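The entries below follow the order in which I looked things up.

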Amino acid sequence: MSIDISSLKTDKKATMDLLTDQTIDQRLESLLDRLSLEEKVRLLTGRDFWTTWPVEKIGLRRMLFSDGPTGVRGEVWDERQPSMNFPSATAISSSWDPAMADRLGAASAVEARRKGVDVVLGPTINLHRSPLGGRHFEAFSEDPVLTGELAAAYVAGVQRNGVGATPKHYVANDSETDRFTVDVLVDERPLRELYLLAFEKAIVDSKAWLVMSAYNSVNGATATENDLLESPLNTEWGFDGVVISDWTAVRSVESAKHSQDLVMPGPDGPWGPALVLAVKCGTVSEAAVDRKVLRILQLAARVGALEGFEPAAAEPVDHEDPLAFAREASVAGTVMVKNDGVLPLAPASVTSVAVIGHNARHARTQGGGSATVVPEKIVTPLDGIRTAFGPENVSYNVGAVVQEGIAELPLEQLRNPVTGGPGLRVRFFASTGKELFSEDRLSTALVWFGGDAPIAESSMVQFHTHYTPEETGTIRIGFSTVGHGRIFVDGVLAHEASIEATGTDLGAAFLAPPSASVPVRATAGVPLEVTVELDLAGRTGSLSNALAVTIGLEADGTDPETLINDAVEAARAAQVAVVVVGTNSRVESEGYDRTTLELPGLQDRLVHAVAAANPHTIVIVNSGSPVLLPWRDEVAATLIGYFGGQEFGTALADILTGAAEPGGRLPTTWPATQEDVPVINTTPDADGKLEYEEGIHIGYRAWLREGTEPAYEFGHGLGYTEWTLDSVDAPAITVPGAVVPLTVTLSNTGNRPGKQVVQLYAERPGSAVDRPVRWLVASAPVWAGPGETLTVVINIPTRLLAYWDNGWTYEPGDYRLRIGTSVSELPLETVLTLGGAA
């Protein structure tokens with residue numbers, strides 16, 4: 001008889017882990033016993049906007065949370081404490097590489113530790129159900145399997161470095177319109193097969209320490225009072241972490257009866273004294289409170305916030321150069337959807353490049369809303385191209401205005417009147433005129449969430465700087481905020497205005513408010529003294545101690561035809577034209593959905609005109625999610641760069657010159673026209689209900705069912721080399737619950753190294769139930785040198801062949817497995833027979 005020693009070791013380790021877990025549980029329970037009911041309840045609501053309550057007598061310090069799906073802001077929103085700005089989630093997902101998502105998680109955790117942050121509020125893993133979703137830049141994909149793989153990898157990377165990760169927003173929070181009140185009506189089958197599946201792997205495999213409950217309702221119950229918090233999250237998936245609310249998502253003490261653990265922000269909220277009373281009256285059990293507190297204490301132990309407990313990682317165990325990673329990640333996520341051979345360019349042979357587009361100089365490196373971070377420096381596409389080709393060989397024209405509202409003033413054109421250095425002086429005053437607080441800032445786009453500024457105690461705030469214009473002419477100086485303010489230019493009152501919030505979304509009103517401005521005559525090189533005063537008295541509500549304001553300039557008022565004509569002339573005179581088109585913060589941001597997929601302004605007209613003038617026109621798309629590209633057949637090449645992070649320009653230069661290959665494949669379908677989109681509605685009906693009537697058919701599944709051809713399909717992307725998929729080998733038969741290995745052989749037949757993404761889809765013709773035409777079950781990125789043949793083994797969980805019918809149901813019979821490089825480019829196939837029960 002033989003004995004498997006490795007299994008004995010595993011059993012011993014499992015036993016030791018179990019004993020350790022039991023010991024930790026006992027010690028946590030002993031701490032719980034030392035707390036009064038009032039102390040326990042206080043722990044269940046935040047101390048302020050970003051932190052939890054400390055309890056000195058049990059060795060519990062505060063825990064600090066921070067927004068951070070693709071960057072970690074920290075406790076204050078402050079350009080003097082900059083953060084890394086990594087590429088957006090859509091760029092990361094376009095890599096189709098879980099290792100890249102893992103590295104993003106690890107890098108984010110390193111940033112968090114640097115800023116004293118215990119918990120990162122990410123990843124966002126809601127699905128791209130409709131391309132109109134305003135926050136899709138922050139989420140991964142339209143497909144739940146791809147989303148789930150990347151989310152699990154991100155969570156693993158964050159938590160390996162000792163910081164909590166928070167998959168959000170649980171669940172079916174897939175659009176922004178009326179997000180606080182919308183009731184999403186979704187059948188059990190799509191709920192399980194799509195929206196919950198996207199979360200499952202991050203919980204089951206990566207053991208996320210937190211989950212964030214959403215604002216919306218699901219099938220009649222708000223997310224914070226929904227049975228989904230218990231099942232499947234706890235009972236089926238084994239979640240043992242903290243369910244933290246989205247900010248202000250908890251509405252009543254009723255939610256304390258459910259598996260909602262922590263209310264944010266604080267210190268006020270619907271629990272507090274009301275929950276103490278509910279426990280004393282017997283309407284909420286103290287056992288329910290105890291379970292919540294134990295989970296919060298366990299989180300504190302994991303992140304090192306509880307004395308006497310070993311944290312998951314005392315120091316980051318996995319870190320790398322963040323700038324180098326940001327550059328690599330942007331390259332890996334850039335998708336080349338078209339190339340007629342113009343790319344890559346050889347810098348030595350290119351003597352003139354016309355760079356055109358507002359976003360070339362003012363790139364969007366991240367989306368708008370709570371996920372915003374303030375990087376120390378941004379490399380724009382124009383910066384990157386000038387460095388790669390030489391500034392003397394590169395011209396620039398704006399071409400078309402993209403900006404809406406106020407853009408901040410450039411720091412290099414500002415002088416602080418007090419210090420004489422760059423920036424501005426900000427002063428807070430009481431109603432008596434006494435100065436309460438002042439600080440010197442380096443940006444005119446300012447947000448206060450927390451920090452030392454006494455916003456609630458102040459009657460007025462003043463911003464004072466000297467601004468030196470670069471050009472002579474009329475400019476529009478203004479401010480963007482909510483409230484009453486005044487603009488003084490050279491000591492004279494130039495304008496006074498009251499700005500009201502638009503819409504009902506509190507976050508959007510705060511972070512993307514309307515603006516007011518005044519025309520001012522400017523002379524190049526002659527400083528203007530600019531002072532803005534905002535009244536703060538009488539502010540109420542949950543954001544009364546917060547403030548957001550941007551002081552700057554309205555968009556260029558030059559005649560639009562002149563801008564296009566100047567760009568066309570520059571393109572005609574150049575060897576190559578590079579046009580950077582994109583969205584703005586009024587198009588893609590938290591708090592509202594899009595109304596159109598068209599690029600803002602006259603950018604489409606601009607591209608048509610430039611392409612007609614120069615056959616070597618390359619377009620870079622700087623948007624976080626799909627936009628319409630009506631000129632796509634007229635240009636030589638198109639790169640989708642998304643919101644590429646602070647190294648966006650450097651990464652684009654690497655790709656344009658061939659120093660690196662664009663590594664991305666589309667994680668979401670890009671339509672040719674808005675009318676073609678099969679699932680598009682994000683607006684609730686008059687009763688506040690949004691019905692997911694399409695069932696399991698979203699994204700490419702819906703496109704395949706409709707039979708409509710998009711501009712660029714799911715999974716599509718080109719590189720700089722050629723590939724063949726040669727063969728597939730797989731078992732002929734399997735059983736429910738098994739993991740099936742497929743061996744795929746492929747070859748790089750080109751003359752340079754490259755990347756390919758092998759994609760596996762399942763089909764079930766003649767199924768007894770409604771099925772997608774095909775659906776993704778696995779994928780793998782691979783790399784090979786020129787002429788190299790390689791084999792890759794890709795595992796397919798048979799669970800992904802099952803459908804939901806009061807449980808995962810396996811339909812015996814033949815499944816066609818299709819293997820290729822996009823949802824319709826599938827040259828290989830094999831048949832897998834699913835037998836009876838295992």
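**Helix α14.** I began with helix α14 (residues 603-613), whose buried residues are Q603, D604, L606, V607, V610, A611 and A613. I took buried to mean under 20% relative accessible area, exposed over 50%, and partly exposed in between, with a 1.4 Å probe and protein chains only. Helices (H or I, at least four residues) and strands (E, at least two) are DSSP runs, numbered from the N terminus. I then looked up what the buried residues of α14 pack against, and found β10 (353-356), α13 (560-573), β24 (576-582) and β25 (617-622). Contact here means heavy atoms within 4.5 Å.

**Basis of the entries.** I note that this is a predicted model, in which local features need pLDDT of at least 70 and side-chain atom pairs count only at pLDDT 80 or more, while totals for chains, interfaces and linings use all residues. Residues are numbered from 1 along each chain as its sequence is written, and side-chain values use heavy atoms, with hydrogens and water left out.

**Helix α15.** I next asked how many residues of α15 are buried. The count is 10 of the 10, so α15 is largely enclosed by the rest of the structure. I listed them as F648, G649, T650, A651, L652, A653, D654, I655, L656 and T657. Their cover includes α9 (322-333), α11, β25 and β26. After α15 comes G658, with a positive phi near 85°.

**A388.** I placed A388 in helix α11 (residues 381-389). Its relative accessible area is 27%, which means that A388 is partly exposed. Leaving out residues up to four places away in sequence, A388 touches P347, A653 and T657. A388 and A653 are 265 residues apart along the chain, yet I find their C-alpha atoms separated by 6.2 Å.

**Nonpolar cores.** I defined a nonpolar core as a set of buried Ala, Val, Leu, Ile, Met, Phe, Trp, Tyr and Cys residues joined through side-chain atoms within 4.5 Å. In the largest core, of 149 residues, Y170 and W247 touch the most other members. Helix α6 (residues 188-204) supplies the largest share of this core, nine residues. Apart from it I located another core, of 34 residues, which includes A567, V579, V610 and Y642. In soluble globular proteins, nonpolar side chains tend to be buried together.

I also looked up the contacts of Y170 beyond four places in sequence; among them are L196, F199, V211, M212, L228, P232 and W237.

**Cis peptide bonds.** I found a cis bond joining K168 and H169, with omega about 0°. H169 is in the loop between β3 (164-165) and β4 (183-185). The bond from G266 to P267 is also cis, with omega near 5°, and P267 is in the loop between β8 (242-245) and α7 (272-281).

Is W96 buried or exposed? I recorded 1% relative accessibility, so W96 counts as buried. Its phi is positive, about 50°, although W96 is not a glycine. W96 lies in the loop between α3 (89-94) and α4 (98-114).

Y642 likewise has a positive phi, near 55°, and is a residue other than glycine. I placed Y642 in the loop between β26 (637-640) and α15 (648-657). Y642 is buried, with a relative accessible area of 2%.

**T708.** I found T708 in the loop between α16 (700-706) and β28 (723-729). T708 counts as partly exposed at 28% relative accessibility. Beyond its neighbours within four places in sequence, T708 is in contact with D676 and W703. The C-alpha atoms of T708 and D676 are separated by 7.0 Å, at 32 residues apart along the chain.

**Whole chain.** The protein chain has 16 helices and 37 strands. Its C-alpha atoms fill a box of roughly 90 × 70 × 55 Å along the principal axes. For 838 residues, a compact globule would have a radius of gyration near 28 Å, and the 28 Å of this chain agrees. That radius is taken over C-alpha atoms, and the globule rule is 2.2 Å times the number of residues to the power 0.38. Buried residues make up 61% of the 838 residues. Of the contacts with a separation of 6 or more, 77% join residues 24 or more positions apart.
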